[in-house]
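Dear colleague,

Please find below the structure that I am handing over to you. My notes on it come after the display.

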Amino acid sequence: MIVILLGLLDILAGLSIFTLKFTWGAPVVIFFTIYLLVKSLPYIKSFASILDALVAIIFISAVIGYTLPILNVLSALWLIQKGVVSFF
């Protein structure tokens with residue numbers, strides 16, 4: 001049950017990067033960035049947690065405005081596919 005909940009939160013985190021086009025998008029992305037960092041730090045030795053921490057860094061740079069759009073899309077795709085796989 002917890003895996004499904006974390007997978008759903010990963011999907012929402014992946015979709016949150018697309019809310020940066022709106023004025024209310026930055027707080028949403030910051031919330032999910034904190035979620036990704038908190039979730040990835042206890043298990044930092046696993047590959048998925050390292051990529052979660054990297055995605056959180058990319059999200060922070062996206063909020064600030066110093067990232068390439070392709071990195072945002074790749075980060076979102078990583079989180080969405082990881083969330084979908086957790087349902088199975």
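The following paragraphs set out what was found.

This is a predicted model, in which local features need pLDDT of at least 70 and side-chain atom pairs count only at pLDDT 80 or more, while totals for chains, interfaces and linings use all residues. Residues are numbered from 1 along each chain as its sequence is written, and side-chain values use heavy atoms, with hydrogens and water left out.

Helices here are DSSP runs (H or I, at least four residues), numbered from the N terminus.

The axes of helix 3 (residues 47-64) and helix 4 (residues 69-85) come within 10 Å and cross at roughly 140°; axes are lines fitted to C-alpha atoms over the stretch in contact, and angles run from 0 to 180 degrees between N-to-C directions. Helix 3 contributes Ala48, Leu51, Asp52, Val55, Ile58, Phe59 and Ala62 to the contact, and helix 4 contributes Leu71, Asn72, Ser75, Trp78, Leu79 and Lys82.

Gln81 belongs to helix 4 and is partly exposed, at 36% relative accessible area (the class runs from 20% to 50%, with a 1.4 Å probe and protein chains only). The C-alpha atoms of Gln81 and Ile64 are separated by 25 Å.

Yours sincerely

Definitions and conventions:
Helices (H or I, at least four residues) and strands (E, at least two) are DSSP runs, numbered from the N terminus. Contact means heavy atoms within 4.5 Å.
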